[in-house]
Amino acid sequence: MTDILSIDPDSDLLLVIDVQNDFCPGGALAVADGDAVVPAIASLMPRFAHVAFTQDWHPPGHRSFASAHPGRSPYETVPFPYGDQTLWPDHCVQGTRGAAFRDGLDVRRAELIVRKGFRPEIDSYSAFFENDRTTPTGLAGYLRERGFTRVVMCGLATDFCVAYSAVDARRQGFEATVLLGASRAIDLGGSLAAATERMREAGVVLLGGVR
Ligand code: VGL
Ligand code: ZN
């Protein structure tokens, strides 16, 4: 499937989500085929005038880590004050190699790097809001001040950080496009189908391979 992506250099921002070692093969929370997004993103970047990145950035012992809950295992769901939270293997710990951007991802043109998940008690999938759904990262204000009206997203993982970011972009009044060919999913218990449905309902434009 090849879709046509037309880009407005002034009002479109490419947002590359969580392309970090821990989400790639060999990493702590590896997404199958995750590193395949790196060459796809490399060919997309020159088409955009403006590029930003997100970086999952947890302190050691973060509450989303199963290791912080004795007797619990990764991928179990537990109640948190803000709702159900999936527990993850320790990943993207601040300053570690796992938290670093994947080799080959050219971040030199990053106009902004949004770090998220740094509050010890709150996880953050979305580039806009923490998982309590109320604590903002500041991204919406940044986009508005700079006059961007559409966020074009890709990266890892389609069904978590990419989907939450895309739905929140719509909620904040931006157009949102997700490039599925430059994204890969964790797909935990049907999470990819559910995320795809939520994105469609929110009015996110989903594109496959693009030219
Ligand atoms: C993510 C789980 C935990 C993601 C981040 O980037 O999709 N998933 N932290
Ligand atoms: Zn995380």
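Modeller: A polar contact is a pair of N or O atoms within 3.5 Å; within protein, one must be able to donate a hydrogen and the other to accept it, and residues adjacent in sequence count only if both atoms are side-chain atoms. This is a predicted model, in which local features need pLDDT of at least 70 and side-chain atom pairs count only at pLDDT 80 or more, while totals for chains, interfaces and linings use all residues. Residues are numbered from 1 along each chain as its sequence is written, chains are lettered from A and ligands numbered from 1 in the order in which they are written, and side-chain values use heavy atoms, with hydrogens and water left out.

Colleague: At what distance from an oxygen atom of ligand 1 does a backbone N or O atom of L156 lie?

Modeller: L156 is one of the residues that surround ligand 1 (a heavy atom within 4 Å), and the others include D18, F23, W88 and Y125. Backbone N or O atoms of A157 and C161 also approach a ligand 1 oxygen atom, A157 at 3.1 Å and C161 at 3.2 Å. For L156 the corresponding distance is 3.4 Å.

Colleague: What share of the area that ligand 1 exposes when taken alone does the protein bury?

Modeller: Taken alone, ligand 1 exposes 250 Å² (Shrake-Rupley method, 1.4 Å probe). The share of that area buried by the protein is 100%.

Colleague: Which residues coordinate the zinc ion (ligand 2)?

Modeller: Donors are N, O and S atoms within 2.8 Å of the metal (3.2 Å for Na, K and Ca), and sites may look incomplete without water. Here the donor residues follow the spacing D-x1-H-x32-H in sequence, and they coordinate the zinc ion at 2.0 to 2.2 Å. The residues are D56 through OD, H58 through NE2 and, again through NE2, H91.

Colleague: How many residues apart are D56 and H91, which link distant parts of the chain?

Modeller: D56 belongs to strand β3, residues 51–56 (strands being DSSP runs of at least two residues). H91, by contrast, sits in the loop between β5 (83–86) and β6 (110–116).

Colleague: Is H91 buried or exposed?

Modeller: Buried means under 20% relative accessible area, exposed over 50%, partly exposed in between (1.4 Å probe, protein chains only). H91 has 3% relative accessibility, and therefore counts as buried.

Colleague: Which backbone oxygen does the side chain of H91 reach at 2.8 Å?

Modeller: Besides coordinating the zinc ion (ligand 2), the H91 side chain makes a polar contact with the side chain of H58 at 3.1 Å. The backbone oxygen that the H91 side chain reaches at 2.8 Å belongs to P89.

Notes
Helices (H or I, at least four residues) and strands (E, at least two) are DSSP runs, numbered from the N terminus.
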